[in-house]
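Please look at the sequence and the model before reading on.

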Amino acid sequence: MNKALTLTAALLALCSCGQQAPQAGYPIGQVPFTDVKVSDPFWGARLQASREVTIPLAFSKCEETGRYDNFVRATKPDSTYRVGGFPFDDTDVYKTIEGASYLLQTYPDAALEAYIDSVLVLVAAAQEPDGYLNTARQMNPWHPHAWVGPERWSEVEGGSHEFYNLGHMVEGAVAHWQATGKRNFLDIAIKYADCVIREIGDGEGQLERVPGHQIAEMALAKLYLATGEKKYLDQAKYFLDKRGYTTVRNAYSQSHKPILEQDEAVGHAVRAEYMYSGIADVAALTGDQAYIAAIDRIWDNLVSKKLYLTGGVGSRYDGEAFGDNYELPNLTSYCETCAAIGNVYTNYRMFLLHGDAKYIDVLERSLYNGVISGVSLDGGAFFYPNPLESDGRYDREPWFGCACCPSNICRFIPSVPGYAYAAKDKDLYVNLFVGGTVTHALAGRAVTLTQTGGYPWRGDVRLTVDDNRAGTFTLRLRIPGWARGEVVPGDLYAFADEAPSAWRVCVNGEEQQGALEQGYFCITRRWKAGDEVTLELPVAPRFVRAHEAVEADRGRLAVECGPIVYCAEWPDNTVDVLQAEVAATDALTCEFRSDLLGGVNVIKDGELTLIPYYAWDHRGPGKMEVWLKER
């Protein structure tokens, strides 16, 4: 069996088939990854690293660590077999297939598609007739994994992760179906979801349970959109409605009080962000005003009091958790990679709900800093936590026994094209500045645009209309908060200078005037092929201060340039970077270095050199600092 699954060199190329899931339901619709083709130096390099290194590595680790063998063993239960590993090991397979599926859209590869199909044969064979699939129980039902409990669902609010496994299965299956048009994975996920719906609920003979580790909520909302079957959305809402009412109630898993009474981000940060994504899904897809109010309150608390400058979340190692308001230490910051990814998920859904660019501003901050810091430039080494300060004893690892962060990077990075655009009726939102082409139907008629430019290192963005069959439509260009003098929504961080905003929009060379609508510059016209929109953004280095209540950053300054947060690292400096001092009046200079760290803007403050935070620890472990002492 292992020989049949051995990775080949063909895994270094990947595929594209355009099958699009229904997008109805949200007030604003996501332009799916299947509609976007990336040709961007910055994100192209990351997609290439995923294609050539990260995803092949993850598949090889699934094979090497027995992830595939678990599915084989599940078909032949053995009372003498000692179940090891983690009860969520199945998700590493699902997440890697998800990431590979996103890449299949950009890099066609029949060999990779066949490899995925061969893995799915094992997964399908392990599924029980009624749809249940959890190898940590099935390999030895008499003595299952210690976290799983004696019966189905008996420990699902604790450590069994049965619903967590379902969530990642659904997320991977929908992506695979969208990319390939095949139902082999989707049918497995539907069968397991139906099993859960039959057995969990308020009906006669059903059990009242909620996920111990959330993600099923957002996944079931996605399955509803893919199939049109409302029962999946209903089950997502059931899981949220029942939270805080079952026997397990603790802040760690956000079950300390009912959802509609919550107003603070607490507990395990990854679980929380996945749950917040699910709340936003249910709020957006049902229009439930109580849910909208709840997620608005939680989001306000998170962004105004618990968000790191890098877009990372979760300050405590203990419980991988949020701390108190303004508790944002740097050396001991946890900022798990998975939590930063979860922050992207939450903020995108908040945008789909409200249509405000401030959510994309937070998403972009997480994306360019807290997320991509979690994987090396070559795609082969990983951070689990992402501290904002290092005393030299922290280094990326080639893999982890608990592999949730590397496998999450596998699934997330290839999905980035799906966050670049959104649409509503005859409005096309340009949210991220990623070079490439988008083709999407507005009110049933296709529009094709090509985006080019030097973002994030330069502020020039160019959009060319290649084809327009939609007639008159509105192009909504996000003007990033950092370009408008706002570091983040609220007062948690602020620029230390009073530099005026200097962004500019032109159509066919003619400057446009107009007020922003929820952070977007809107241009409505009957577009024709060849029309060109240029956006000029003031990418320049600036000092940032934190709110006085953030004790760890008091008397300190950070530097950012455009969407990128910077740090001082040992290889570039002769001074001890942990003792380096700067002043808000210092003249910062910026220079692009194509020979350094894959090509980056380097910032100088006198003798002090700063590099993008995401790129630290590529030249050996050593000291690093984001928040520098203010002279």
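Arg484 and Asp361 form a salt bridge, with their closest N and O atoms 3.4 Å apart; a salt bridge here is a side-chain nitrogen of Lys or Arg within 4 Å of a carboxyl oxygen of Asp or Glu. Arg484 sits in the loop between strand E9 (472-478) and strand E10 (493-495), and Asp361 in helix H14 (residues 357-371), so the bridge ties together parts that are 123 residues apart in sequence. The model is predicted: local features need pLDDT of at least 70 and side-chain atom pairs count only at pLDDT 80 or more, while totals for chains, interfaces and linings use all residues. Residues are numbered from 1 along each chain as its sequence is written, and side-chain values use heavy atoms, with hydrogens and water left out.

**Salt bridges**

- Side chains of opposite charge can pair when their charged atoms come close.
- By the rule above, the count comes to 47 salt bridges.
- Asp361 is buried, at 9% relative accessibility, whereas Arg484 is partly exposed, at 29%; buried means under 20% relative accessible area, exposed over 50%, and partly exposed in between (1.4 Å probe, protein chains only).
- Arg504 bridges to Glu511, with the closest N and O atoms 3.3 Å apart; Arg504 is partly exposed at 31%, and Glu511 is partly exposed at 40%.
- Asp576 forms a salt bridge with Lys623, where the closest N and O atoms are 3.1 Å apart.
- This pair links distant parts of the chain, 47 residues apart: Asp576 is in the loop between strand E17 (564-569) and strand E18 (581-582), and Lys623 is in strand E22 (residues 623-625).
- Glu98, Glu171, Lys222 and Arg411 are linked in a network of salt bridges.

- Helices (H or I, at least four residues) and strands (E, at least two) are DSSP runs, numbered from the N terminus.
- Six of the six residues of E17 are buried, so the strand is largely enclosed by the rest of the structure.
- Ile564, Tyr566 and Ala568 point one way from E17, and Val565, Cys567 and Glu569 point the other way.
- Two strands pair if DSSP finds at least two bridges between them.
- E17 runs antiparallel to strand E16 (residues 556-561), joined by two bridges, and Cys561 stands opposite Ile564.
- The hairpin of E16 and E17 has two residues between the strands, and Gly562 there takes a positive phi near 65°.
- Two bridges also join E17 to strand E21 (residues 608-612), again antiparallel, with Ile611 as the bridge partner of Cys567.
- E22 is joined to E17 by two bridges and runs antiparallel to E17; Ala568 stands opposite Glu625 in E22.
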